[in-house]
Structure formats: structure tokens, C-alpha cells
Amino acid sequence: MGWKRQARYLLERSQRLLYGAATRVSRHPEFRLQYDYLRFKHDGNLAEISARYGIDVGLLERQRDAGIDNPAYRFYRDGGFFSYFAANAAIFKGSSWLDVGADTGAVSLYLSELLASKSFELCDVTVAPRALFPVRRITGERLDYEPNSFDIVFFSYVLHHAADDTIQLLRDARKVARKYVVVTEDPKENADDYYWAYMHDKRGTFRGCKEWRQLFDVVGLSIVHDEALNPELHSRHMFVLDANK
């Protein structure tokens, strides 16, 4: 381990201890989030993730060491999401997709390994300085793509930020997608969820799972798969929606 990496490791260990102490005296979800993030960065088993999902362990290690992503935490948090696509790889193999709110593109990187596909595009309202792939900047109000441009459109924890534009984005996604629209969200199902939503984005619009299901029906998207993800900090959920017109 080089001295820079060693110094960063020691700093993060100190931060982890501070966040751990903070979680014992405060309900602020950000402290627990940062504690878990560092815990999995240091102690997560990337070899196990590699074996389970067939993703090269070297790729996972490079993501972690470069500080672009924390794959151990991501697969802990969203293991159900990746397991669904791994279990249904025969259906989704070779698919093309649009990753909306892609950030660095880490989700698309892992999906490209799982689904054996390099046919995808990324877009976001902001472009991460160290994105893994080119990211198209969008306003967040519309998806300005040709109809039937991709097999799948992904929204990964972004629609609550879209607030009043959510319905229009879902309608656009239904037009753009040939087959499926996939939504992961932070639903409001209990007191912890309401607290998280308030602290996470005071201007966002957070909905319960019942309301999400009704909203999908309004825009003409039928539910193919409906699954709760890791709820340790607050509720998380994924919906796979049929976009057939």
C-alpha cells in the first residue's frame, strides 16, 4: 500500500469512528449513511460480490481504489436490484438502456458486465467530474430522445428530486423505452422514511409505494416486478415496469 493510500485509509478510519460515535447520539441519517459507506469500503468482500455476480474483481477494486464508487456498499444497499438482473440475465442480456441521473455511471458499468452489453447512454442534470462514460446534460424536465431508442430506461433514486416533473419524465420514458422502465426509489412508508426524506431533499417529492403504483398506472406503465430493497437506514424499493404501448 502506497503512502498516499495509507494516509487516506487512516483518515477514513478516523472518520468512520467519528461517524459511529455520532450515530449513537444523533438521529441524523447522514451520520449513519457515512458510517456504513466507510464500513463497507474498508471491510466489504469484493471477491464475494465478484463470485456472486460474475463481475471482475479487479474492476471492483479499481472502482474502490480510485474513489469513483464504493461497490461493496452499493451491492449491500441495492443487492436486490443487481440480483434481479443477474437472475433474469437471459431475458435482459444484450439490452440497450438509458441511465437517467447516472452520476458517475457506476450502475451502468456493473450492469454492462451482468448483461453483456455496451449499448447504453447516460444523462443527468449535473455531470460528475470523474464520470466513467460520457454523460449528456439534461434539464431534468424532459427526456429528449427519439421514441423506442432503448430497450430499458433506468431511474435510480432520482424521481423524488424531479418533484413536479416526475409524471412528464415517466411519460417520456414510456415513449423512449421499447420494453421496460425501471425505477428505484426512497418511498415514505414509516417515520424513519419521513425523517430521511426531509433531511435528504426538502424540495423533493417523496411518495409511498401505494402512490407510486397508482402513478405508474396513470401514465400507462404496468408492474412486472415489485420488490423492497435493503431497508436498514430507510425504505428502498424497485419497480420493473412494462413500457409496451
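Guide: Let us begin with Ser117, which has a relative accessible area of 4% in this predicted model.

Visitor: Why is Ser117 called buried?

Guide: The word buried is kept for residues under 20% relative accessible area, and Ser117, with its 4%, is therefore buried. Ser117 sits in the loop between helix 8 and strand 2, the latter covering 120-124. Leaving aside its neighbours within four places in sequence, Ser117 is in contact with Gly94, Ser95, Trp97 and Ser112.

Visitor: How do you know whether Asn148 is buried, exposed or partly exposed?

Guide: Asn148 has 39% relative accessibility, and partly exposed covers whatever lies between the cut-off of under 20% for buried and that of over 50% for exposed, so Asn148 is partly exposed. Asn148 belongs to the loop between strand 3 (135-137) and strand 4 (150-156).

Visitor: What about Pro147: why does Pro147 count as exposed?

Guide: Pro147 is also found in the loop between strand 3 and strand 4. Its relative accessibility is 54%, and because exposed means over 50%, Pro147 counts as exposed. Leaving aside neighbours within four places in sequence, Pro147 is in contact with Lys175 and Val176. The C-alpha atoms of Pro147 and Arg32, which are 115 residues apart along the chain, are separated by 42 Å.

Visitor: What makes Leu18 and Ala87, which are in helices, exposed?

Guide: Leu18 lies in helix 1, residues 3-25, and has a relative accessible area of 61%; Ala87 lies in helix 6, residues 79-87, and has 65%. The cut-off for exposed is over 50%, so Leu18 is exposed, and so is Ala87. As for distances, the C-alpha atoms of Leu18 and Gly2, 16 residues apart along the chain, are separated by 25 Å, while those of Ala87 and Asp99, twelve residues apart, are separated by 20 Å.

Visitor: Which residues have the most contacts inside the largest nonpolar core?

Guide: That core has 38 residues, and those with the most contacts inside it are Phe81, Phe85, Tyr110 and Leu111. Helix 8 (residues 106-114) gives the largest share of this core, namely six residues. Not counting residues up to four places away in sequence, Phe81 touches Val107, Leu111, Phe154, Val182, Thr184, Leu229 and Met238. Apart from this core lies another, of 28 residues, which includes Val153, Val158, Ala173 and Cys209.

Visitor: How do you know how compact the protein chain is?

Guide: The protein chain has twelve helices and seven strands. Its radius of gyration is 18 Å, close to the 18 Å that the globule rule gives for 245 residues, and it is therefore as compact as a globular protein of that length. Its C-alpha atoms fill a box of roughly 55 × 40 × 30 Å along the principal axes.

Visitor: How many of the residues count as buried, and how are the charged side chains divided?

Guide: Of the 245 residues, 49% count as buried. The chain exposes about 12200 Å², and carbon and sulfur atoms supply 50% of that area. There are 34 positive and 34 negative side chains, with the centres of the two sets 3 Å apart. Finally, among contacts between residues at least 6 apart in sequence, 65% join residues at least 24 apart.

Key. Residues are numbered from 1 along each chain as its sequence is written. This is a predicted model: local features need pLDDT of at least 70, side-chain atom pairs count only at pLDDT 80 or more; totals for chains, interfaces and linings use all residues. Side-chain values use heavy atoms; hydrogens and water are left out. A nonpolar core is a set of buried Ala, Val, Leu, Ile, Met, Phe, Trp, Tyr and Cys residues joined through side-chain atoms within 4.5 Å. Buried means under 20% relative accessible area, exposed over 50%, partly exposed in between (1.4 Å probe, protein chains only). Helices (H or I, at least four residues) and strands (E, at least two) are DSSP runs, numbered from the N terminus. Contact means heavy atoms within 4.5 Å. The radius of gyration is taken over C-alpha atoms; the globule rule is 2.2 Å times the number of residues to the power 0.38. Accessible areas come from the Shrake-Rupley method with a 1.4 Å probe; for residues, only the protein chains shown count as cover. Lys and Arg count as positive and Asp and Glu as negative; His and the chain ends are not counted. The place of a charge is taken as NZ of Lys, CZ of Arg, CG of Asp or CD of Glu.
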